[in-house]
Amino acid sequence: MSTKPKLYYFDGRGKMESIRWLLAAAGVEFEEEFLETRDQYEKLLQGGSLLFQQVPMVEMDGMRMVQTRAILSYIAAKYNLYGKDLKERALIDMYVGGTDDLMGFILMFPFLSAEDKEKQRALIVQKATSRYFPVYEKVLEDHGQDFLVGNNFSWADVHLLEAILMVEEKKSDVLSGFPQLQAFKAKISSIPAIKKFLEPGSQRKPVPDDKYVETVRKVLRMYYDVKAN
């Protein structure tokens, strides 16, 4: 295996994007192998690399890891982005879990019909502004610190910034009523490793396009229509 983590996924965001974000935040260089054909996917399946017959899969530290949350937890713990004790880890898990729920409304957006996309866009903004962003706004306001947990940069901060930027792609002024989150976004975006990842030419993936959707459908044999939440 390579000394650098190697990521196996499509050339697009999906469930791998949060893994890219967290590795970048930790300052870890990584390699990627993009799945473009069904044969590539079948080869991984036949070789026993995909424990539950699905990607993302990451080769790292002599392991082939699957299950996105397990991969993220490992990276966060390895690179000191997971709090200083069990209580902080529990808070990080809760905040990341909430952010994951919000991201879930966005993950399948590219696979929706044009009509369903408009409905889903409105739902994403509604959920973000009424259910999720108010929680993080209050956390930051109540403790008066720069970061979500323990006044130290953690996985929770990385995940929240990723989610904020994803929602802003659906409505650019979505943070207009959240001054704490505006300051948070500016603060986290200015961290050197994050700033580098946000620059053009990084391994951060763009908004999924039709080519990405077509490739995923072909490789995974997704012949059905995805429905909006």
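How many bridges join strand 3 to strand 4, and in which sense do the two strands run? This is a predicted model, and in it four bridges join strand 3, residues 57-60, to strand 4, residues 63-66. The two strands run antiparallel. Within this pair, M57 stands opposite V66 in strand 4. The hairpin that strand 3 and strand 4 make has two residues between the strands. In that hairpin, D61 takes a positive phi near 55°.

Four strands form an open sheet, and their order is 2-1-3-4. The pairing in the sheet is mixed. Strand 2, residues 31-34, and strand 4 stand at the edges with a single partner strand each, so one side of each lacks a neighbour in the sheet. From one strand to the next, the twist averages 20°.

At the other pairing I wish to show, strand 1, residues 6-9, and strand 2 are joined in the parallel sense over four bridges. Here Y8 stands opposite E33 in strand 2. Helix 3, residues 68-78, packs on the sheet, where it touches strand 3 and strand 4. The direction of helix 3 makes about 125° with that of strand 4.

I turn next to a pair of helices. Two packed helices are described by the distance between their axes and by the angle between those axes. For helix 5, residues 114-143, and helix 6, residues 155-168, the axes come within 11 Å and cross at roughly 150°. An angle over 145 degrees counts as roughly antiparallel, and helix 5 and helix 6 are therefore roughly antiparallel to each other. Their crossing is left-handed.

Which residues of helix 5 meet helix 6? They are I124, A128, F133 and Y136, and their counterparts in helix 6 are L160, I164 and V167.

Finally, the chain as a whole. Its secondary structure comes to nine helices and four strands. Along the sequence, the pattern reads β-α-β-α-β-β-α-α-α-α-α-α-α. The C-alpha trace spans about 50 × 45 × 30 Å along its principal axes. The protein chain has a radius of gyration of 18 Å, which agrees with the value near 17 Å that a compact globule of 229 residues would have.

Key
Residues are numbered from 1 along each chain as its sequence is written. This is a predicted model: local features need pLDDT of at least 70, side-chain atom pairs count only at pLDDT 80 or more; totals for chains, interfaces and linings use all residues. Side-chain values use heavy atoms; hydrogens and water are left out. Axes are lines fitted to C-alpha atoms, for helices over the stretch in contact, and angles run from 0 to 180 degrees between N-to-C directions. Angles under 35 degrees count as roughly parallel, over 145 as roughly antiparallel, 65 to 115 as roughly perpendicular and the rest as oblique. A crossing is left-handed if the near helix is turned anticlockwise from the far one by less than a right angle, and right-handed if clockwise. Contact means heavy atoms within 4.5 Å. Two strands pair if DSSP finds at least two bridges between them. The radius of gyration is taken over C-alpha atoms; the globule rule is 2.2 Å times the number of residues to the power 0.38.
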